[in-house]
Structures are given as structure tokens and as C-alpha cells.
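Q: I would like a close look at a single part of this structure. Please keep the answer brisk and connected.

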Amino acid sequence: FINVNVQGGNEFADSVGLMGEYGSGDMLDRQGNPMDPKDVNAFGMEWQVKPDEGDPMIFSYPEGPQWPDSRCAMPNWTDPKKKNRKKKDHAREQMVGHEELHSIAKMACAGVADFDLCVQDILMTGEIGLAETFH
């Protein structure tokens, strides 16, 4: 699980969502009803981005399952490709260090309006090809 500690005033006092209700951390659905804290999958599905209900896009490009056509795909741990993903990610990190990836990302994102978002997306995913979605 993720633990996020927000310090400051009450800017988030009316916030609810995937991080829980501000202050209590209670897992609430979109209507404010309590959800079973043991059913994290249902809670995650409840908070899938739904643009048709007024949710803003999180990323600058749509990828993967998109509401309302499909729900988030649950991992299939029997898929051997997914089992090896962590090994491949680690190998990629060994081949390309963070500083080198940052330099490559800045070159790939040069000239785009959302330069910082472009670089951040590449740094988070390691996928240099994402820069094309910003051009």
C-alpha cells in the first residue's frame, strides 16, 4: 500500500478519491458511501478515470482500457511476459542510468508545449517513444 503524508492547511479538506477521504483515509465510493477496505480491486475500479462523468484526463494521451468502453485490466500473473517485466525493467535501468535517461528525455521532448510533462512521462515509464504523443 501507498502511504502519503500531506502537510499544510485545509486545501484538500473536501478531497476524496483513490487516496481515500482527506483526514480519515476512509475508502469511499463516488457517492460518499463507505467501501470494504479489504476489496481494494473494487475500490480501484470505482475511481477509474471517467471523462464522461467530468473527470479530467490524468495523462496527455489515452492508453490502455478507457471508460466507458472497458474497465481497468486486472493483472494476470500467469502471463509469463508479465512475470518477467520486473526483470526487464531492472535490466533497462542498469543499461540506461537516470541521468542518461533524463538527458535523452529532454532531447526527445525538445520543442513540445508540455515539455515538463513529456520529460516526466518518459522518466516515469522509461519509454522514450512517449515523446511522439506530445508532438
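Take aspartate 29: where is its place relative to helix H1, what does its side chain reach at 2.9 Å, and which residues does it touch?

A: First, the ground rules. This is a predicted model, so local features need pLDDT of at least 70, and side-chain atom pairs count only at pLDDT 80 or more, while totals for chains, interfaces and linings use all residues. Residues are numbered from 1 along each chain as its sequence is written, and side-chain values use heavy atoms, with hydrogens and water left out.

Now the site. Aspartate 29 sits in the segment before helix H1, residues 40-46. Helices here are DSSP runs (H or I, at least four residues), numbered from the N terminus. Aspartate 29 is buried, meaning under 20% relative accessible area with a 1.4 Å probe, protein chains only; exposed is over 50%, and partly exposed lies in between.

For charge, Lys and Arg count as positive and Asp and Glu as negative; His and the chain ends are not counted.

What the aspartate 29 side chain does reach is backbone. The nitrogen of glutamine 31 is at 2.9 Å. The backbone nitrogen of glycine 32 is also at 2.9 Å. The polar-contact rule asks for N or O atoms within 3.5 Å; within protein, one must be able to donate a hydrogen and the other to accept it, and residues adjacent in sequence count only if both atoms are side-chain atoms. Leaving out residues up to four places away in sequence, aspartate 29 touches Met35, Glu46 and Trp47. Contact means heavy atoms within 4.5 Å.

Next, arginine 30. Its side chain meets that of aspartate 55 in a salt bridge, 2.9 Å from N to O. Arginine 30 lies in the segment before H1 and aspartate 55 in the loop between H1 and H2, so the pair ties together parts that are 25 residues apart in sequence. The salt-bridge count comes to one. Arginine 30 is partly exposed, at 22% relative accessible area.

Finally, confidence. The chain has a mean pLDDT of 77, and 77% of its residues reach 70 or more. pLDDT is the predictor's confidence in each residue, from 0 to 100.

How values were computed:
Helices (H or I, at least four residues) and strands (E, at least two) are DSSP runs, numbered from the N terminus. A salt bridge is a side-chain nitrogen of Lys or Arg within 4 Å of a carboxyl oxygen of Asp or Glu.
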